[in-house]
Amino acid sequence: MLYSLHVKNLALIDEVEIYFKEGLNILTGETGAGKSIIIDCMSLALGAKFNRDMATADNAFVELAFEIREDSLKEKLKELEVECEDDMIFLARRIVNGKALARINSENVPLFKLRQVAELLIDIHGQHETSSLLSEKNHIDVLDRYIGEAAVKVKDELASAYRDYKNAVRALEELDVSDGDRKREADLLEYQISEIEACDIKQGEIEELDGLYSRMNNSKKFRECCGFVDSMLFSGNASVSDAIDASLKELNSNFGEDESIDGLLSQLNDIDSLMGDFKRSLTDAMDGLDFSEEEFYSTERRLDEVNRISDKYGPGYEEVSKTLDELKEKLDVLENYDRKLEEAKRLKEEAYEKLIEICDKLAKIRKEAAARFEKELSEQLEGLNFNDIKFEVRMDKHKEPTSNGMDEVAFYISTNPGVPIGPLAKIASGGELSRIMLGIKTLLSGKDEIGTLIFDEIDAGISGRTAHMVAKKLEMIARSNQLICITHLPQIAAKADTHYMIEKSVDGQKTRVDVRELDYDASIEELSRLLAGDEITQAVRENAIELKKRTEND
C-alpha cells in the first residue's frame with residue numbers, strides 16, 4: 001500500500017508530508033485549494049512528464065513510499081532488479097539543474113524503469129482514463145484485464161507465435177530475388193569466400209606479425225644499443241667485466257685467507273656471475289635480431305595482406321571467421337534456392353497455422369469472459385443508479401492476425417428506457433462514463449494485483465442518490481484495496497476511514513498549499529462545509545453528524 005507522500009518546493013507546496021492509511025482515504029478542499037496539485041505531484045513521482053514550471057527551488061523533490069507485503073509482488077519487483085528495504089520501496093523524482101531525475105530507493109534509474117515499477121504498485125484514475133473508454137481500441141484491454149491470468153498466459157504464447165510468424169515472413173521475402181540477382185550475388189559471395197580462404201589467417205597471427213614487424217623495424221637501432229652496452233661492460237681496456245675480474249684477483253691474492261673479507265668476496269663473485277648471465281642474454285638478444293632483407297619484406301607483405309582482409313571482413317581473426325561462416329551460409333541458400341524457398345514457404349505456413357490456432361484459443365477465452373463481464377458489469381451499474389441498463393460486449397474479427405490476436409472488442413450500452421443500444425462513446429454522458437469506469441474498477445479490483453487505487457473526480461456530474469450509491473461502491477472497493485479519493489461530495493467524504501483537508505493560504509504575497517489529517521470533529525466541520533458552503537449553521541452540523549452516522553450504518 002501507499003505509505004506516504006513527501007513533496008518539497010513543487011508548485012504551491014513548500015513542504016508537505018502525508019501518511020496514508022488502509023481503507024478509504026478521502027481528500028477534500030475548497031475549489032482551487034490545490035487538489036489537482038497533489039495528484040500532479042504523485043503522478044510526477046510515478047513517472048509523468050516533468051513541467052519545469054512546477055519546481056520553485058533547486059532542491060525540489062517528490063517521493064512516494066510504499067509498504068510491500070505480498071511475496072508475489074516482491075518477486076515481480078526482483079524480476080525488475082528492485083529490492084525492498086525492510087518491506088519498503090521509495091519512488092521519487094528529484095529536480096537537478098532543471099531536470100527531474102528518477103530514483104528508486106537511493107538509486108538513480110531510467111524513467112522507463114520507474115514507470116514499470118509504478119505500474120505494479122498503484123493505479124491513478126482520473127478524467128483522462130475515463131476519456132479512454134470513448135476509444136473502442138481500449139475496450140479489448142479492459143476485457144483482458146478482467147480475464148486476468150488466463151489471458152496473460154495465452155497472450156504470452158501469442159506474442160511468441162507472432163514473432164515467429166513475422167520472422168518467417170521476413171525470411172521468405174528475403175528469398176524473393178530474380179535469377180539474375182541471385183547469380184550476381186552468388187558470384188560476389190564466391191569471390192569474397194575465396195579471398196578470405198586464400199589469405200588463411202590463423203588465430204593470433206595478426207598480433208604475432210605486428211610484434212615481429214615492430215622488432216624488425218627497430219632491430220638496427222636495438223643492435224647498436226646492444227653493441228654499446230657490450231663494449232661498455234665486456235670489451236675495451238676499461239670494461240666493467242675486466243674491472244670485476246681484476247678486483248677479484250687482487251682481493252684473493254692479498255687477503256684470500258682472511259675470513260673478515262669473505263662477505264665482500266661473496267658479493268663480488270655474485271656480481272661476476274650475474275655479469276656472465278647478462279652477457280649470454282645480451283648475445284642471444286643480438287642473435288635474435290639478425291634478420292635478412294628477404295625475411296623483412298616477406299613479413300611486411302604478409303602483414304599488409306592480413307590487415308587488408310581484417311579491415312575488409314573483420315576487424316580481427318574472430319570477426320573474419322564469423323564473416324566467412326555467414327558468407328558460406330548465404331551462398332548455400334543461393335546454391336540450393338529452390339529447396340530453401342520451399343522450406344521457407346513451409347515454415348511460414350506452419351507459423352501462420354500456429355498463430356491462428358492461438359488466436360482462436362484467445363478468442364474463445366475472450367468470448368466466454370465477455371458474457372460474464374456483461375452480466376457482472378450490468379449488476380455493478382444497477383448498483384450505481386443505472387435503473388434500466390443494457391450493456392453488451394460485441395466482438396468481431398480482424399482480417400489478419402495481430403500481436404493482440406484477431407479480435408475487435410467494442411462496448412455497447414443503453415442507459416435509458418426506449419433508447420436503442422449503441423456504442424458507448426455515443427450514448428454515455430460524462431457523469432455516466434465516470435460511473436461506468438467505477439463499475440469496471442470494481443470488477444477489476446478483485447483481479448488486479450495493484451494494491452492502491454487513486455480516484456480523482458470520480459464524482460464528476462453526479463449528486464443525490466447516485467452520489468450515495470457511488471460512495472457505497474467506493475467503500476466496497478476499499479475493503480480489498482487501499483483507496484485514495486479526491487472528492488467534493490459529502491456523501492463520499494462521509495465514508496472516509498481517514499479524512500484529509502487540502503488548504504490554500506496566503507502569507508504576505510506568497511500562496512501555499514498544505515494538507516492535514518482531520519480528527520472526527522474537524523471531519524464533521526468539513527462535511528458541513530461540503531453540505532452548505534461557507535454559511536455553516538448548527539442545523540448543517542447536525543446534518544453532517546447524521547450523514548456520518550448513516551454512512552457508518554449502511
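In this predicted model, strands β8 and β12 (residues 452-456) run parallel and are joined by four bridges. Within this pairing, Asp123 stands opposite Leu453 in β12.

Both strands belong to an open sheet of six strands. The order across the sheet is β8-β12-β13-β3-β14-β15. The pairing in the sheet is mixed. Strands β8 (122-125) and β15 stand at the edges. Each of these edge strands has a single partner strand, so one side of each is left without a neighbour in the sheet. From one strand to the next, the twist averages 15°.

Salt bridges were examined next. Side chains of opposite charge can pair when their charged atoms come close. A search of the whole structure finds 28 salt bridges. One of them connects two strands of the sheet described above. Glu503 forms a salt bridge with Arg516, and the closest N and O atoms are 2.9 Å apart. Glu503 lies in strand β14 (residues 498-507), while Arg516 lies in strand β15 (residues 510-518). The pair therefore ties together parts that are 13 residues apart in sequence. Glu503 has a relative accessibility of 29% and counts as partly exposed. Arg516 is also partly exposed, with a relative accessible area of 40%. Both values fall in the class of partly exposed because they lie between the limits of 20% for buried and 50% for exposed.

A second salt bridge joins the side chains of Lys74 and Asp87, at 2.6 Å from N to O. This pair links distant parts of the chain, 13 residues apart. Lys74 sits in helix α2 (residues 71-79). Asp87 sits in the loop between α2 and β5 (88-96). At 36% relative accessibility, Asp87 is classed as partly exposed.

A further salt bridge lies within a helix. The side chains of Glu305 and Arg308 meet at 3.1 Å, N to O. Both residues belong to helix α11 (residues 293-313). They are three residues apart, about one turn of the helix. Glu305 is partly exposed, with a relative accessible area of 28%. Arg308 is likewise partly exposed, at 36% relative accessibility.

Salt bridges also form a network. Asp144, Lys155, Arg366 and Asp407 are linked in this way.

His6 is found in strand β1 (residues 2-10). Its relative accessibility is 14%, and His6 therefore counts as buried, the cut-off for that class being under 20%. Which residues are in contact with His6, leaving aside its neighbours within four places in sequence? They are Glu15, Val16, Glu17, Phe61, Val62 and Glu63. With Glu15, the contact includes a polar one between the two side chains, at 2.8 Å. Glu432 gives another reference point for His6. These two residues are 426 residues apart along the chain. Their C-alpha atoms are separated by 34 Å.

Methods
Residues are numbered from 1 along each chain as its sequence is written. This is a predicted model: local features need pLDDT of at least 70, side-chain atom pairs count only at pLDDT 80 or more; totals for chains, interfaces and linings use all residues. Side-chain values use heavy atoms; hydrogens and water are left out. A salt bridge is a side-chain nitrogen of Lys or Arg within 4 Å of a carboxyl oxygen of Asp or Glu. Buried means under 20% relative accessible area, exposed over 50%, partly exposed in between (1.4 Å probe, protein chains only). Two strands pair if DSSP finds at least two bridges between them. Axes are lines fitted to C-alpha atoms, for helices over the stretch in contact, and angles run from 0 to 180 degrees between N-to-C directions. Contact means heavy atoms within 4.5 Å. A polar contact is a pair of N or O atoms within 3.5 Å; within protein, one must be able to donate a hydrogen and the other to accept it, and residues adjacent in sequence count only if both atoms are side-chain atoms.
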